[in-house]
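Visitor: I am new to this one. Please show me the chain, and then let me ask about it.

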Amino acid sequence: MIGYVTLGVSDMERAKAFYAELLSDQGARLLLDMGRIAFIGKSMKAPMIAVCVPFNEEPNHPGNGNMVALPAESKEGVDALYKKAIELGATCDGEPGQRIPNQFYGAYVKDPDGNKLAFFVFG
């Protein structure tokens with residue numbers, strides 16, 4: 001049901017590199033770069049992340065309570081995404097762990113622009 005999610009950023013080159021590398025092991029890549037906005041994903045027909053300089057050219061502001069949740073194949077996959085995000089310049093917003101017993105395992109980071117991401121697996 002989701003085509004793409006747009007995240008406002010302050011540095012397009014940094015954001016494109018961060019998301020393309022972070023999601024590369026899942027088959028994602030930079031699909032379309034239009035200068036002010038770029039789309040990262042597996043294909044233009046699958047859900048994507050778009051990074052952009054805000055249209056009004058004002059500074060980007062991460063939303064309080066907004067978060068993009070990215071699925072992993074396993075708990076080890078959550079751990080790997082978390083570790084990779086930190087290595088690429090994200091900051092920890094919740095280390096990997098079982099959040100709901102036998103139901104939800106997740107980790108949380110903020111990208112270099114402060115946008116919150118979750119990596120998760122149910123189980």
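Guide: Start with asparagine 60. The backbone oxygen of glycine 8 lies 3.2 Å from a polar atom of the asparagine 60 side chain. This is a predicted model, where local features need pLDDT of at least 70, side-chain atom pairs count only at pLDDT 80 or more, and totals for chains, interfaces and linings use all residues. Residues are numbered from 1 along each chain as its sequence is written, and side-chain values use heavy atoms, with hydrogens and water left out.

Visitor: Is asparagine 60 buried or exposed?

Guide: Asparagine 60 sits in the loop between β4 and β5. Strands (E, at least two residues) and helices (H or I, at least four) are DSSP runs, numbered from the N terminus. Buried means under 20% relative accessible area, exposed over 50%, and partly exposed in between, with a 1.4 Å probe and protein chains only. Asparagine 60 has 15% relative accessibility, so it counts as buried.

Visitor: Which residues is asparagine 60 in contact with, leaving aside neighbours within four places in sequence?

Guide: Contact means heavy atoms within 4.5 Å. Leaving aside those neighbours, the residues are Gly8, Val9, Ser10, Pro54 and Asp113.

Visitor: Where is aspartate 113, and is it buried or exposed?

Guide: Aspartate 113 is in the loop between β7 (104-110) and β8 (116-122). Its relative accessible area is 12%, so aspartate 113 is buried.

Visitor: What is the length of the polar contact between the side chains of aspartate 113 and serine 10?

Guide: A polar contact is a pair of N or O atoms within 3.5 Å. Within protein, one atom must be able to donate a hydrogen and the other to accept it, and residues adjacent in sequence count only if both atoms are side-chain atoms. Aspartate 113 also has contacts leaving aside neighbours within four places in sequence, among them Ser10, Arg14 and Asn60. The polar contact joining the side chains of aspartate 113 and serine 10 is 2.6 Å.

Visitor: In what order do the elements of the chain run?

Guide: The secondary structure comes to two helices and eight strands. From the N terminus on, the order is β-α-β-β-β-β-α-β-β-β.

Visitor: What radius of gyration does the chain have?

Guide: The radius is taken over C-alpha atoms, and the globule rule is 2.2 Å times the number of residues to the power 0.38. With 123 residues, a compact globule would come near 14 Å. The chain agrees with that, at 14 Å.

Visitor: What percentage of the residues of the chain count as buried?

Guide: The C-alpha trace spans about 45 × 30 × 30 Å along its principal axes. Of the 123 residues, the buried ones come to 40%.

Visitor: How many aromatic pairs are there?

Guide: Rings of Phe, Tyr and Trp (its six-membered ring) pair if their centres lie within 6.5 Å. Planes under 30 degrees apart count as stacked, over 60 as edge-to-face and the rest as tilted. By this rule the count is five.

Visitor: How is the pair of tyrosine 4 and phenylalanine 39 arranged?

Guide: The pair links distant parts of the chain, with tyrosine 4 in strand β1 (residues 4-8) and phenylalanine 39 in strand β3 (residues 37-41). Tyrosine 4 is partly exposed at 45%, whereas phenylalanine 39 is buried at 8%. The ring centres are 5.0 Å apart, the planes are at 85°, and the pair is edge-to-face.

Visitor: Why is the pair of phenylalanine 18 and tyrosine 19 edge-to-face?

Guide: Phenylalanine 18 and tyrosine 19 are both buried. Their ring centres are 4.9 Å apart. The pair is edge-to-face because the planes stand at 80°.

Visitor: Is glutamate 57 buried or exposed?

Guide: Glutamate 57 lies in the loop between β4 (48-52) and β5 (68-71). It has a positive phi of about 65° although it is not a glycine. At 69% relative accessibility, glutamate 57 counts as exposed.
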